Amino acid sequence: MDLIASRRQRPQQKSSQKPPFRLSSTFIYRRNGEHYIYYLPKPLEFPKGYPEDDLKFTKTYKKLNYLPLEVWQRWYQGDGFTLEGDKRDLIAETEKKADGTEPLHKAGTFDYGKAYKIHQTPKVAIDRTTRATNFYHTGFVQFEWEQSKQSGLYFLLNFLEQERKLEDKLHAALELLGEEGLGGERSSGAGRFEVEWEKLPQDWQDVVDFAKPTHYALISLFWELPLPKELLDAEGMLDKTASYAIQERGGWIASPSSGRQLRRKMVRMFAEGSVFPIAPLGKLADVTPNKFKQHKIYRSGISLSLPVTLPS
């Protein structure tokens with residue numbers, strides 16, 4: 001159990017068997033003309049048909065942390081990895097002989113990094129007492145903004161049928177958040193965004209409704225303590241068919257009701273792309289600092305996953 005909870009400060013869990021909605025992490029999308037490319041985290045298992053003993057393109061494959069939706073669906077819900085097509089395209093990319101006409105290139109498989117640019121902006125901090133100056137740089141991430149080549153972030157929401165009334169409230173909250181901005185440097189205009197609220201298109205619906213899974217791949221973080229029995233083997237260890245990565249999440253709280261800033265409890269969570277034999281549910285982790293008594297602080301470990309088929 002030390003995989004998902006800190007020994008220093010073990011967070012408490014809040015029961016959440018039937019949360020009103022489930023939320024994925026945010027991922028990048030790119031628009032190319034009228035076509036949208038949605039990137040999903042690559043599951044931490046090889047797709048069926050992948051030649052594990054072929055090292056010609058191993059480095060190129062490992063660099064693909066995110067896959068376009070159509071490639072993700074074909075590899076993990078459809079025919080799988082093809083030696084004639086996918087292998088040839090990966091070798092061409094590895095040997096720098098690709099001309100952009102290959103199917104994986106046309107799908108945008110290798111264009112993930114083109115969706116944004118990182119700029120370093122010089123700034124000066126002035127000490128209020130001594131007037132001493134300190135020169136530093138701040139990094140800004142800028143997504144493509146031209147009309148025909150827009151890019152940005154998207155996420156999926158899965159509501160319980162009886163909780164549809166929450167949609168309007170959540171939509172309003174996101175609109176307000178878009179006006180206020182996310183992250184640091186909001187006073188400089190950074191972090192603002194516009195919200196587009198859409199129903200799942202058919203290609204996404206086909207992915208969500210896939211009916212013959214052998215496993216489930218996370219598209220959000222997942223935390224639950226203790227782990228559900230369905231994920232454990234006879235010896236109480238995590239099922240051997242699971243493949244996972246662990247991510248530590250910590251940070252600080254800034255409570256307007258108390259004016260205090262404290263470090264919240266650290267929690268270890270299963271990362272996006274982790275694969276399990278069942279669809280994990282997850283719970284809320286109580287990460288309230290020990291010295292903070294005004295109210296509770298929770299981090300969501302409620303997970304959202306997609307069905308996949310992996311080689312037996």
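User: What counts as a contact here?
Analyst: Contact means heavy atoms within 4.5 Å. This is a predicted model: local features need pLDDT of at least 70, side-chain atom pairs count only at pLDDT 80 or more, and totals for chains, interfaces and linings use all residues. Residues are numbered from 1 along each chain as its sequence is written, and side-chain values use heavy atoms, with hydrogens and water left out.

User: OK. What does Arg30 touch?
Analyst: Leaving out residues up to four places away in sequence, its contacts include Tyr36, Ile37, Asp111, Glu144 and Gln150.

User: Is Arg30 buried or exposed?
Analyst: Arg30 counts as buried because its relative accessibility is 11%. Buried means under 20% relative accessible area, exposed over 50%, partly exposed in between (1.4 Å probe, protein chains only).

User: Which strand is Arg30 in?
Analyst: Strand E3, residues 27-32. Strands (E, at least two residues) and helices (H or I, at least four) are DSSP runs, numbered from the N terminus.

User: And what stands opposite Arg30?
Analyst: Ile37 in E4. E3 and E4 run antiparallel, joined by 4 bridges. Two strands pair if DSSP finds at least two bridges between them.

User: Switching to H5. Which residues are buried there?
Analyst: Glu167, Leu174 and Gly178.

User: What covers the buried residues of H5?
Analyst: The cover includes strand E9 (157-159).
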